Amino acid sequence: MRDLTLIAKHAYYLTLENLRQPMYVISTVVFPSLFFWFFGIPNAPDEDGLAMLTASFCAFGVLSVVLFQFGIGIANDRESTWYSYLRILPGPRGLQMSSRILSGFLFACLSVAGVLMTAKIFGELNFQNYLWLQFAVVLLLGAIPFSCLGLLLGLLVSARSATPVLNLVYLTLSFAGGLWMPPEVLPKLVREISTYLPSRIYGELLWASVLNRPLENHEGLGLAAYGLGFFLILAVALHREEDKTFR
Amino acid sequence: MKVVDFQKVERAFSKSSRIGPLTFSLAEKQVTVFLGPNGAGKTTTFKMLLGLRRPTAGRIELWGEAAGSKSVKSRIGYTSQDLSYPPHLTAEEVLSLLGTHFENPLPLGDLQDRFQLEKVWKKQLGGLSGGERRRVGLAWDLIGLPKFLVLDEPTTGLDADGKKRLWSEIAAFRDSGGTVLLSTHDISEASTIGDRVLVIDKGTIQLDGSMNEILGPLDYKRFRYLQNGMVKEWISHQSDADARKLLASGEDISNLEIRRLNLEEALVVYREQR
(Lines give C-alpha, C1' and ligand atoms only; values in the text may rest on other atoms or scores of the structure.)
Protein backbone atom coordinates (compact mmCIF):
# COMPACT_ATOMS: atom_id res chain seq x y z
CA MET A 1 0.00 0.00 0.00
CA ARG A 2 2.85 2.32 0.94
CA ASP A 3 4.54 1.58 -2.38
CA LEU A 4 1.35 2.42 -4.27
CA THR A 5 1.06 5.70 -2.38
CA LEU A 6 4.64 6.52 -3.36
CA ILE A 7 4.02 5.72 -7.03
CA ALA A 8 0.82 7.82 -6.99
CA LYS A 9 2.61 10.75 -5.37
CA HIS A 10 5.49 10.63 -7.83
CA ALA A 11 2.99 10.41 -10.69
CA TYR A 12 1.14 13.43 -9.30
CA TYR A 13 4.28 15.56 -9.16
CA LEU A 14 5.44 14.35 -12.55
CA THR A 15 2.06 15.39 -13.96
CA LEU A 16 2.37 18.75 -12.24
CA GLU A 17 5.85 19.23 -13.71
CA ASN A 18 4.59 18.43 -17.20
CA LEU A 19 1.56 20.71 -16.82
CA ARG A 20 3.96 23.54 -16.01
CA GLN A 21 5.70 23.09 -19.35
CA PRO A 22 3.43 24.73 -21.94
CA MET A 23 5.26 23.19 -24.90
CA TYR A 24 4.70 19.71 -23.54
CA VAL A 25 0.98 20.34 -22.98
CA ILE A 26 0.59 21.89 -26.43
CA SER A 27 2.35 19.05 -28.23
CA THR A 28 0.59 16.20 -26.43
CA VAL A 29 -2.83 17.54 -25.48
CA VAL A 30 -3.63 20.53 -27.69
CA PHE A 31 -1.94 19.57 -30.94
CA PRO A 32 -3.95 16.37 -31.70
CA SER A 33 -7.25 18.25 -31.17
CA LEU A 34 -6.09 21.20 -33.21
CA PHE A 35 -4.85 18.99 -36.00
CA PHE A 36 -8.15 17.10 -35.98
CA TRP A 37 -10.13 20.33 -36.11
CA PHE A 38 -8.12 21.76 -39.03
CA PHE A 39 -7.48 18.67 -41.13
CA GLY A 40 -9.68 15.85 -39.85
CA ILE A 41 -13.17 17.29 -39.54
CA PRO A 42 -13.21 19.14 -42.92
CA ASN A 43 -12.22 15.93 -44.74
CA ALA A 44 -14.79 13.65 -43.15
CA PRO A 45 -17.11 12.42 -45.95
CA ASP A 46 -20.01 11.49 -43.66
CA GLU A 47 -20.77 10.78 -40.01
CA ASP A 48 -19.16 7.30 -40.08
CA GLY A 49 -16.08 8.86 -41.66
CA LEU A 50 -16.04 11.47 -38.91
CA ALA A 51 -16.28 8.75 -36.25
CA MET A 52 -13.35 6.93 -37.88
CA LEU A 53 -11.27 10.09 -38.00
CA THR A 54 -12.16 10.81 -34.38
CA ALA A 55 -10.84 7.35 -33.50
CA SER A 56 -7.70 7.98 -35.59
CA PHE A 57 -6.91 11.27 -33.90
CA CYS A 58 -7.55 9.77 -30.47
CA ALA A 59 -4.89 7.19 -31.36
CA PHE A 60 -2.67 10.02 -32.63
CA GLY A 61 -3.05 11.73 -29.22
CA VAL A 62 -2.27 8.54 -27.32
CA LEU A 63 0.83 7.96 -29.47
CA SER A 64 2.07 11.47 -28.79
CA VAL A 65 1.87 10.88 -25.03
CA VAL A 66 3.33 7.38 -24.88
CA LEU A 67 6.14 8.15 -27.29
CA PHE A 68 7.05 11.60 -26.00
CA GLN A 69 6.43 11.22 -22.27
CA PHE A 70 7.94 7.76 -22.06
CA GLY A 71 10.63 8.07 -24.70
CA ILE A 72 11.95 11.56 -24.10
CA GLY A 73 11.18 11.36 -20.38
CA ILE A 74 13.12 8.15 -19.82
CA ALA A 75 16.02 9.34 -22.00
CA ASN A 76 16.24 12.47 -19.84
CA ASP A 77 15.87 10.50 -16.60
CA ARG A 78 18.80 8.27 -17.51
CA GLU A 79 21.11 11.23 -17.73
CA SER A 80 19.80 12.93 -14.62
CA THR A 81 21.37 12.50 -11.21
CA TRP A 82 17.88 12.95 -9.72
CA TYR A 83 17.07 9.50 -11.11
CA SER A 84 20.11 7.99 -9.34
CA TYR A 85 19.16 9.89 -6.21
CA LEU A 86 15.69 8.32 -6.15
CA ARG A 87 17.35 4.90 -6.22
CA ILE A 88 18.98 5.47 -2.87
CA LEU A 89 15.72 6.39 -1.17
CA PRO A 90 13.61 3.66 0.41
CA GLY A 91 10.96 2.77 -2.15
CA PRO A 92 9.91 0.16 -4.70
CA ARG A 93 12.03 -0.78 -7.69
CA GLY A 94 10.78 0.75 -10.90
CA LEU A 95 9.26 3.70 -9.05
CA GLN A 96 10.23 6.23 -11.69
CA MET A 97 8.97 4.17 -14.61
CA SER A 98 5.70 3.23 -12.89
CA SER A 99 4.94 6.82 -11.99
CA ARG A 100 5.79 7.92 -15.52
CA ILE A 101 3.36 5.34 -16.94
CA LEU A 102 0.61 6.47 -14.57
CA SER A 103 1.18 10.13 -15.40
CA GLY A 104 1.27 9.23 -19.11
CA PHE A 105 -2.13 7.56 -18.74
CA LEU A 106 -3.58 10.78 -17.32
CA PHE A 107 -2.16 12.85 -20.18
CA ALA A 108 -3.44 10.30 -22.72
CA CYS A 109 -6.92 10.67 -21.20
CA LEU A 110 -6.65 14.47 -21.51
CA SER A 111 -5.51 14.19 -25.11
CA VAL A 112 -8.35 11.81 -26.02
CA ALA A 113 -10.90 13.96 -24.18
CA GLY A 114 -9.72 16.95 -26.24
CA VAL A 115 -10.26 15.11 -29.53
CA LEU A 116 -13.70 13.85 -28.46
CA MET A 117 -14.75 17.36 -27.42
CA THR A 118 -13.53 18.74 -30.73
CA ALA A 119 -15.56 16.07 -32.54
CA LYS A 120 -18.63 17.03 -30.55
CA ILE A 121 -18.27 20.80 -30.75
CA PHE A 122 -16.86 21.37 -34.23
CA GLY A 123 -17.87 18.15 -35.98
CA GLU A 124 -21.26 17.78 -34.28
CA LEU A 125 -20.68 14.05 -34.03
CA ASN A 126 -23.61 12.10 -32.63
CA PHE A 127 -21.88 9.94 -30.06
CA GLN A 128 -24.94 7.77 -29.42
CA ASN A 129 -24.54 6.07 -32.80
CA TYR A 130 -21.16 4.55 -31.96
CA LEU A 131 -19.63 2.14 -29.46
CA TRP A 132 -17.31 4.32 -27.40
CA LEU A 133 -16.87 1.95 -24.48
CA GLN A 134 -15.65 -0.80 -26.79
CA PHE A 135 -13.49 1.78 -28.50
CA ALA A 136 -11.99 2.89 -25.17
CA VAL A 137 -11.02 -0.68 -24.28
CA VAL A 138 -9.31 -1.19 -27.66
CA LEU A 139 -7.66 2.23 -27.41
CA LEU A 140 -6.23 1.36 -23.99
CA LEU A 141 -5.07 -2.18 -24.76
CA GLY A 142 -3.73 -1.18 -28.16
CA ALA A 143 -1.61 1.52 -26.53
CA ILE A 144 0.45 -1.11 -24.68
CA PRO A 145 2.79 -2.00 -27.59
CA PHE A 146 3.43 1.70 -28.25
CA SER A 147 4.10 2.30 -24.56
CA CYS A 148 6.70 -0.48 -24.70
CA LEU A 149 8.15 1.12 -27.84
CA GLY A 150 8.32 4.54 -26.16
CA LEU A 151 10.04 3.12 -23.07
CA LEU A 152 12.39 1.09 -25.26
CA LEU A 153 13.41 4.11 -27.34
CA GLY A 154 13.91 6.09 -24.14
CA LEU A 155 16.42 3.46 -23.04
CA LEU A 156 18.21 3.33 -26.38
CA VAL A 157 18.70 6.97 -27.32
CA SER A 158 20.48 9.82 -25.56
CA ALA A 159 18.59 12.78 -24.12
CA ARG A 160 19.94 14.98 -26.88
CA SER A 161 18.78 12.76 -29.73
CA ALA A 162 15.51 11.69 -28.09
CA THR A 163 13.39 14.54 -29.44
CA PRO A 164 14.31 14.14 -33.14
CA VAL A 165 14.23 10.33 -33.00
CA LEU A 166 10.89 10.20 -31.21
CA ASN A 167 9.43 12.82 -33.56
CA LEU A 168 10.55 10.80 -36.55
CA VAL A 169 9.00 7.61 -35.20
CA TYR A 170 5.82 9.41 -34.13
CA LEU A 171 5.22 11.22 -37.40
CA THR A 172 6.11 8.18 -39.52
CA LEU A 173 3.83 5.85 -37.59
CA SER A 174 0.99 8.37 -37.60
CA PHE A 175 1.18 9.30 -41.28
CA ALA A 176 2.02 5.91 -42.74
CA GLY A 177 -0.38 4.19 -40.34
CA GLY A 178 -3.27 6.16 -41.84
CA LEU A 179 -4.09 8.09 -38.68
CA TRP A 180 -4.09 11.50 -40.38
CA MET A 181 -6.01 10.52 -43.48
CA PRO A 182 -7.79 7.36 -44.63
CA PRO A 183 -5.23 4.73 -45.76
CA GLU A 184 -6.86 4.57 -49.23
CA VAL A 185 -5.59 8.06 -50.07
CA LEU A 186 -1.98 7.33 -49.06
CA PRO A 187 0.64 7.06 -51.86
CA LYS A 188 0.82 3.50 -53.27
CA LEU A 189 4.15 2.53 -51.74
CA VAL A 190 3.21 3.91 -48.34
CA ARG A 191 -0.14 2.12 -48.58
CA GLU A 192 1.61 -1.20 -49.14
CA ILE A 193 4.01 -0.70 -46.24
CA SER A 194 1.22 0.68 -44.08
CA THR A 195 -0.55 -2.66 -43.65
CA TYR A 196 2.44 -4.01 -41.72
CA LEU A 197 2.82 -1.08 -39.37
CA PRO A 198 1.57 -1.37 -35.77
CA SER A 199 -0.11 2.03 -36.04
CA ARG A 200 -2.13 0.88 -39.05
CA ILE A 201 -3.21 -2.27 -37.24
CA TYR A 202 -4.10 -0.14 -34.23
CA GLY A 203 -6.14 2.12 -36.49
CA GLU A 204 -7.95 -0.82 -38.12
CA LEU A 205 -8.89 -2.21 -34.71
CA LEU A 206 -10.11 1.19 -33.51
CA TRP A 207 -12.18 1.85 -36.63
CA ALA A 208 -13.76 -1.58 -36.37
CA SER A 209 -14.51 -1.11 -32.69
CA VAL A 210 -16.11 2.32 -32.99
CA LEU A 211 -18.21 1.35 -36.02
CA ASN A 212 -19.00 -2.05 -34.54
CA ARG A 213 -17.56 -3.93 -37.48
CA PRO A 214 -16.28 -7.41 -36.71
CA LEU A 215 -12.70 -7.31 -35.40
CA GLU A 216 -10.27 -9.25 -37.51
CA ASN A 217 -8.40 -11.87 -35.52
CA HIS A 218 -5.19 -11.47 -37.45
CA GLU A 219 -5.11 -7.75 -36.66
CA GLY A 220 -5.48 -8.34 -32.96
CA LEU A 221 -2.76 -10.98 -33.13
CA GLY A 222 -0.54 -8.71 -35.22
CA LEU A 223 -0.66 -5.94 -32.65
CA ALA A 224 -0.17 -8.45 -29.83
CA ALA A 225 2.91 -9.79 -31.64
CA TYR A 226 4.29 -6.26 -31.93
CA GLY A 227 3.55 -5.75 -28.24
CA LEU A 228 5.31 -8.95 -27.27
CA GLY A 229 8.29 -8.14 -29.47
CA PHE A 230 8.67 -4.62 -28.08
CA PHE A 231 8.19 -5.93 -24.55
CA LEU A 232 10.92 -8.56 -24.90
CA ILE A 233 13.40 -6.11 -26.38
CA LEU A 234 12.43 -3.63 -23.65
CA ALA A 235 13.15 -6.25 -20.96
CA VAL A 236 16.62 -6.88 -22.44
CA ALA A 237 17.31 -3.13 -22.77
CA LEU A 238 16.18 -2.54 -19.20
CA HIS A 239 18.46 -5.27 -17.93
CA ARG A 240 21.39 -3.83 -19.87
CA GLU A 241 20.67 -0.34 -18.61
CA GLU A 242 20.59 -1.54 -15.00
CA ASP A 243 23.81 -3.39 -15.60
CA LYS A 244 25.50 -0.38 -17.14
CA THR A 245 24.28 2.21 -14.64
CA PHE A 246 24.01 0.47 -11.31
CA ARG A 247 26.31 -2.55 -11.28
CA MET B 1 29.55 0.80 17.07
CA LYS B 2 30.61 0.54 13.43
CA VAL B 3 28.26 2.37 11.11
CA VAL B 4 30.19 1.58 7.95
CA ASP B 5 32.59 -1.27 7.32
CA PHE B 6 34.58 -1.55 4.09
CA GLN B 7 36.61 -4.76 3.86
CA LYS B 8 39.06 -5.09 0.95
CA VAL B 9 36.59 -3.43 -1.39
CA GLU B 10 37.60 -3.15 -5.03
CA ARG B 11 35.88 -1.87 -8.10
CA ALA B 12 37.43 -2.59 -11.47
CA PHE B 13 36.47 -0.55 -14.52
CA SER B 14 38.88 -2.19 -16.91
CA LYS B 15 42.11 -4.22 -16.70
CA SER B 16 44.14 -1.10 -16.05
CA SER B 17 41.61 1.04 -14.20
CA ARG B 18 40.37 0.18 -10.73
CA ILE B 19 39.93 1.53 -7.25
CA GLY B 20 40.83 -0.33 -4.07
CA PRO B 21 41.42 -2.40 -2.17
CA LEU B 22 39.76 -0.10 0.36
CA THR B 23 39.53 -1.10 4.00
CA PHE B 24 38.15 1.31 6.56
CA SER B 25 35.31 1.68 9.00
CA LEU B 26 33.35 4.66 10.31
CA ALA B 27 32.13 5.02 13.87
CA GLU B 28 29.16 6.83 15.36
CA LYS B 29 29.38 10.49 16.33
CA GLN B 30 32.24 11.18 13.97
CA VAL B 31 32.71 13.48 11.00
CA THR B 32 35.05 11.85 8.54
CA VAL B 33 36.38 13.83 5.63
CA PHE B 34 37.17 11.97 2.46
CA LEU B 35 39.91 14.05 0.98
CA GLY B 36 41.25 13.47 -2.47
CA PRO B 37 41.93 15.19 -5.79
CA ASN B 38 39.41 15.02 -8.62
CA GLY B 39 39.30 11.53 -10.10
CA ALA B 40 40.78 9.90 -6.98
CA GLY B 41 37.80 7.56 -6.51
CA LYS B 42 35.70 9.46 -3.95
CA THR B 43 32.45 9.47 -5.88
CA THR B 44 32.74 5.80 -6.88
CA THR B 45 33.37 4.88 -3.26
CA PHE B 46 30.27 6.84 -2.27
CA LYS B 47 28.21 5.11 -4.95
CA MET B 48 29.28 1.71 -3.66
CA LEU B 49 28.45 2.80 -0.14
CA LEU B 50 24.97 3.87 -1.26
CA GLY B 51 24.32 0.66 -3.19
CA LEU B 52 24.42 2.36 -6.60
CA ARG B 53 27.52 0.41 -7.68
CA ARG B 54 28.50 -3.11 -6.79
CA PRO B 55 32.07 -3.76 -5.74
CA THR B 56 33.89 -6.32 -7.85
CA ALA B 57 35.55 -7.69 -4.71
CA GLY B 58 35.28 -7.25 -0.96
CA ARG B 59 32.41 -6.51 1.39
CA ILE B 60 30.52 -3.35 2.38
CA GLU B 61 28.26 -3.30 5.42
CA LEU B 62 26.28 -0.55 7.10
CA TRP B 63 25.06 -1.33 10.61
CA GLY B 64 25.94 -4.94 9.78
CA GLU B 65 23.64 -5.06 6.73
CA ALA B 66 24.40 -5.01 3.02
CA ALA B 67 24.66 -1.64 1.30
CA GLY B 68 21.49 -0.76 -0.59
CA SER B 69 19.06 -2.71 1.61
CA LYS B 70 15.75 -1.00 2.42
CA SER B 71 16.52 -0.68 6.10
CA VAL B 72 19.90 0.89 5.35
CA LYS B 73 18.38 3.31 2.83
CA SER B 74 15.93 4.66 5.39
CA ARG B 75 18.82 5.67 7.67
CA ILE B 76 20.94 7.57 5.13
CA GLY B 77 20.77 11.17 3.98
CA TYR B 78 22.70 11.94 0.83
CA THR B 79 23.51 14.87 -1.37
CA SER B 80 25.72 14.99 -4.41
CA GLN B 81 27.77 17.79 -5.91
CA ASP B 82 25.96 17.51 -9.25
CA LEU B 83 22.49 16.58 -8.07
CA SER B 84 19.95 17.70 -10.65
CA TYR B 85 16.72 18.99 -9.18
CA PRO B 86 13.27 18.77 -10.81
CA PRO B 87 13.28 22.31 -12.21
CA HIS B 88 9.51 22.79 -12.39
CA LEU B 89 8.70 21.78 -8.81
CA THR B 90 8.88 24.12 -5.83
CA ALA B 91 11.04 23.52 -2.76
CA GLU B 92 7.91 22.69 -0.77
CA GLU B 93 6.70 20.16 -3.36
CA VAL B 94 10.03 18.37 -3.63
CA LEU B 95 10.39 18.13 0.14
CA SER B 96 6.83 16.87 0.46
CA LEU B 97 7.56 14.24 -2.20
CA LEU B 98 10.79 13.10 -0.55
CA GLY B 99 9.17 12.97 2.86
CA THR B 100 6.78 10.31 1.55
CA HIS B 101 9.70 7.90 1.29
CA PHE B 102 10.23 7.86 5.06
CA GLU B 103 8.22 6.53 7.99
CA ASN B 104 8.49 9.65 10.17
CA PRO B 105 9.71 12.58 8.11
CA LEU B 106 10.50 15.92 9.70
CA PRO B 107 7.56 18.34 9.41
CA LEU B 108 7.94 20.63 6.40
CA GLY B 109 7.44 23.73 8.54
CA ASP B 110 10.43 22.79 10.71
CA LEU B 111 12.64 22.41 7.65
CA GLN B 112 11.44 25.71 6.24
CA ASP B 113 12.42 27.55 9.43
CA ARG B 114 15.65 25.68 10.09
CA PHE B 115 17.11 26.26 6.63
CA GLN B 116 15.56 29.68 6.07
CA LEU B 117 13.64 28.56 3.04
CA GLU B 118 10.73 31.03 3.36
CA LYS B 119 11.77 33.02 0.29
CA VAL B 120 12.25 30.00 -1.94
CA TRP B 121 9.45 27.84 -0.51
CA LYS B 122 6.97 28.49 -3.33
CA LYS B 123 9.56 29.02 -6.06
CA GLN B 124 10.35 26.46 -8.72
CA LEU B 125 13.80 24.96 -8.18
CA GLY B 126 14.93 25.79 -11.72
CA GLY B 127 14.87 29.48 -10.81
CA LEU B 128 16.97 29.22 -7.63
CA SER B 129 20.62 30.12 -7.25
CA GLY B 130 23.21 27.41 -6.58
CA GLY B 131 23.37 28.37 -2.91
CA GLU B 132 19.58 28.33 -2.50
CA ARG B 133 19.40 24.91 -4.10
CA ARG B 134 22.11 23.68 -1.76
CA ARG B 135 20.02 24.82 1.21
CA VAL B 136 17.04 22.92 -0.14
CA GLY B 137 19.39 19.96 -0.68
CA LEU B 138 20.50 20.06 2.93
CA ALA B 139 16.86 20.09 4.04
CA TRP B 140 16.13 17.00 2.01
CA ASP B 141 19.20 15.24 3.41
CA LEU B 142 17.70 15.57 6.85
CA ILE B 143 14.00 15.09 6.10
CA GLY B 144 14.04 11.37 6.84
CA LEU B 145 15.83 11.81 10.20
CA PRO B 146 18.91 9.92 9.00
CA LYS B 147 21.58 8.43 11.25
CA PHE B 148 24.28 8.77 8.62
CA LEU B 149 24.91 11.68 6.25
CA VAL B 150 26.87 11.20 3.05
CA LEU B 151 27.78 14.52 1.49
CA ASP B 152 29.63 14.59 -1.81
CA GLU B 153 31.39 17.96 -2.21
CA PRO B 154 28.65 19.70 -0.19
CA THR B 155 30.13 23.20 -0.35
CA THR B 156 30.03 23.50 -4.14
CA GLY B 157 28.07 26.66 -4.95
CA LEU B 158 27.85 27.87 -1.35
CA ASP B 159 28.95 31.32 -0.25
CA ALA B 160 30.77 31.94 3.04
CA ASP B 161 27.50 32.22 5.01
CA GLY B 162 26.18 29.06 3.44
CA LYS B 163 29.33 27.17 4.33
CA LYS B 164 29.15 28.41 7.92
CA ARG B 165 25.55 27.23 8.20
CA LEU B 166 26.49 23.88 6.69
CA TRP B 167 29.35 23.36 9.16
CA SER B 168 27.11 24.20 12.07
CA GLU B 169 24.41 21.77 10.86
CA ILE B 170 27.01 19.03 10.46
CA ALA B 171 28.40 19.67 13.94
CA ALA B 172 24.89 19.62 15.44
CA PHE B 173 24.11 16.40 13.60
CA ARG B 174 27.28 14.76 14.91
CA ASP B 175 26.61 15.97 18.45
CA SER B 176 23.16 14.41 18.31
CA GLY B 177 24.77 11.01 17.63
CA GLY B 178 24.95 11.07 13.83
CA THR B 179 27.77 9.95 11.58
CA VAL B 180 28.96 12.04 8.65
CA LEU B 181 31.12 11.21 5.68
CA LEU B 182 31.84 14.12 3.41
CA SER B 183 34.13 14.48 0.47
CA THR B 184 36.14 17.47 -0.54
CA HIS B 185 39.31 18.30 -2.41
CA ASP B 186 39.89 21.36 -0.26
CA ILE B 187 42.33 20.89 2.64
CA SER B 188 41.12 23.98 4.50
CA GLU B 189 37.53 22.70 4.45
CA ALA B 190 38.69 19.38 5.84
CA SER B 191 40.44 21.09 8.72
CA THR B 192 37.31 23.12 9.55
CA ILE B 193 34.97 20.27 10.28
CA GLY B 194 36.60 16.84 10.24
CA ASP B 195 37.33 14.67 13.26
CA ARG B 196 39.11 12.24 11.02
CA VAL B 197 40.49 12.37 7.51
CA LEU B 198 40.85 9.66 4.91
CA VAL B 199 43.09 10.73 2.08
CA ILE B 200 42.37 8.86 -1.13
CA ASP B 201 44.52 9.08 -4.21
CA LYS B 202 44.69 6.86 -7.27
CA GLY B 203 41.96 4.68 -5.82
CA THR B 204 43.61 3.75 -2.54
CA ILE B 205 43.70 5.20 0.97
CA GLN B 206 47.01 7.03 1.36
CA LEU B 207 46.55 8.45 4.85
CA ASP B 208 44.07 7.79 7.64
CA GLY B 209 44.09 9.63 10.93
CA SER B 210 43.03 12.65 12.94
CA MET B 211 43.11 16.10 11.40
CA ASN B 212 46.50 16.95 12.92
CA GLU B 213 48.03 13.62 11.96
CA ILE B 214 46.97 14.04 8.35
CA LEU B 215 47.32 17.72 7.69
CA GLY B 216 50.86 17.75 9.08
CA PRO B 217 52.32 15.45 6.40
CA LEU B 218 50.48 17.37 3.66
CA ASP B 219 51.38 20.84 4.88
CA TYR B 220 53.72 21.96 2.10
CA LYS B 221 54.32 25.55 1.07
CA ARG B 222 55.77 26.96 -2.11
CA PHE B 223 58.38 29.73 -1.76
CA ARG B 224 58.81 32.00 -4.75
CA TYR B 225 60.89 35.17 -4.99
CA LEU B 226 63.30 37.19 -7.11
CA GLN B 227 66.98 36.99 -6.29
CA ASN B 228 69.55 38.81 -8.42
CA GLY B 229 66.98 39.12 -11.19
CA MET B 230 66.28 35.38 -11.22
CA VAL B 231 63.04 33.69 -10.10
CA LYS B 232 63.72 31.18 -7.33
CA GLU B 233 61.08 28.62 -6.39
CA TRP B 234 61.09 25.70 -3.98
CA ILE B 235 58.82 23.72 -1.71
CA SER B 236 59.19 23.56 2.05
CA HIS B 237 57.76 21.23 4.66
CA GLN B 238 58.89 23.49 7.52
CA SER B 239 57.85 26.83 6.18
CA ASP B 240 58.16 28.92 9.38
CA ALA B 241 61.78 27.91 9.97
CA ASP B 242 62.67 28.26 6.28
CA ALA B 243 61.07 31.71 6.06
CA ARG B 244 63.06 32.91 9.09
CA LYS B 245 66.25 31.48 7.65
CA LEU B 246 65.65 33.12 4.29
CA LEU B 247 64.94 36.54 5.77
CA ALA B 248 67.95 36.31 8.12
CA SER B 249 70.29 35.33 5.29
CA GLY B 250 70.75 38.93 4.18
CA GLU B 251 70.35 37.94 0.54
CA ASP B 252 68.88 40.54 -1.83
CA ILE B 253 65.41 39.08 -2.37
CA SER B 254 62.15 40.69 -3.49
CA ASN B 255 58.54 39.75 -4.43
CA LEU B 256 58.46 36.96 -1.84
CA GLU B 257 55.35 34.75 -2.04
CA ILE B 258 54.62 31.84 0.30
CA ARG B 259 51.61 29.76 -0.70
CA ARG B 260 50.16 26.56 0.77
CA LEU B 261 50.04 23.77 -1.84
CA ASN B 262 46.58 22.57 -2.74
CA LEU B 263 45.72 18.93 -2.25
CA GLU B 264 46.69 17.73 -5.72
CA GLU B 265 50.09 19.43 -5.49
CA ALA B 266 50.69 18.31 -1.90
CA LEU B 267 49.92 14.69 -2.74
CA VAL B 268 52.41 14.70 -5.61
CA VAL B 269 55.16 16.03 -3.30
CA TYR B 270 54.12 13.62 -0.55
CA ARG B 271 54.39 10.64 -2.93
CA GLU B 272 57.79 11.81 -4.23
CA GLN B 273 59.24 12.27 -0.77
CA ARG B 274 57.98 8.97 0.64
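Predicted model: local features only at pLDDT ≥ 70, side-chain atom pairs only at ≥ 80, totals over all residues.

**Notes on chain B**

I began with the open sheet of three strands in chain B, which has the order β12-β11-β13 and antiparallel pairing. I then checked its edges: β12 (230-236) and β13 (253-260) of chain B each have a single partner strand, so one side of each is left without a neighbour in the sheet.

Next I looked at one pair in detail. β11 (221-227) and β13 of chain B run antiparallel over six bridges, and I found Arg222(B) bridged to Arg259(B) in β13(B). Helix α9 (239-248) of chain B lies across β11, β12 and β13, at about 180° to β13(B).

I moved on to the open sheet of six strands, ordered β6-β7-β8-β3-β9-β10 in chain B, and noted mixed pairing. Its edge strands are β6 (76-79) and β10 (204-210) of chain B, each pairing on one side only. The twist from one strand to the next averages 15°. β6(B) pairs with β7 (148-152) of chain B in the parallel sense over four bridges, and Gly77(B) sits opposite Leu149(B) of β7(B). Across β3 (31-35), β7 and β8 (179-184) of chain B lies helix α6 (160-175), at about 150° to β8(B).

Which elements of chain B give two or more residues to the side that touches chain A? I listed α2 (70-73), β6 and α3 (91-99) of chain B. In this contact, 23 residues of chain B meet 21 residues of chain A. I sorted the chain B side into ten nonpolar, seven polar and six charged residues.

Note on methods
Residues numbered from 1 in each chain as written. Chains lettered and ligands numbered in written order. Pairing = 2+ DSSP bridges. Axes fitted to C-alpha atoms, helices over the stretch in contact; angles between N-to-C directions. Contact = placed C-beta atoms within 7 Å. Nonpolar A, V, L, I, M, F, W, Y, C, P; charged D, E, K, R; others polar.
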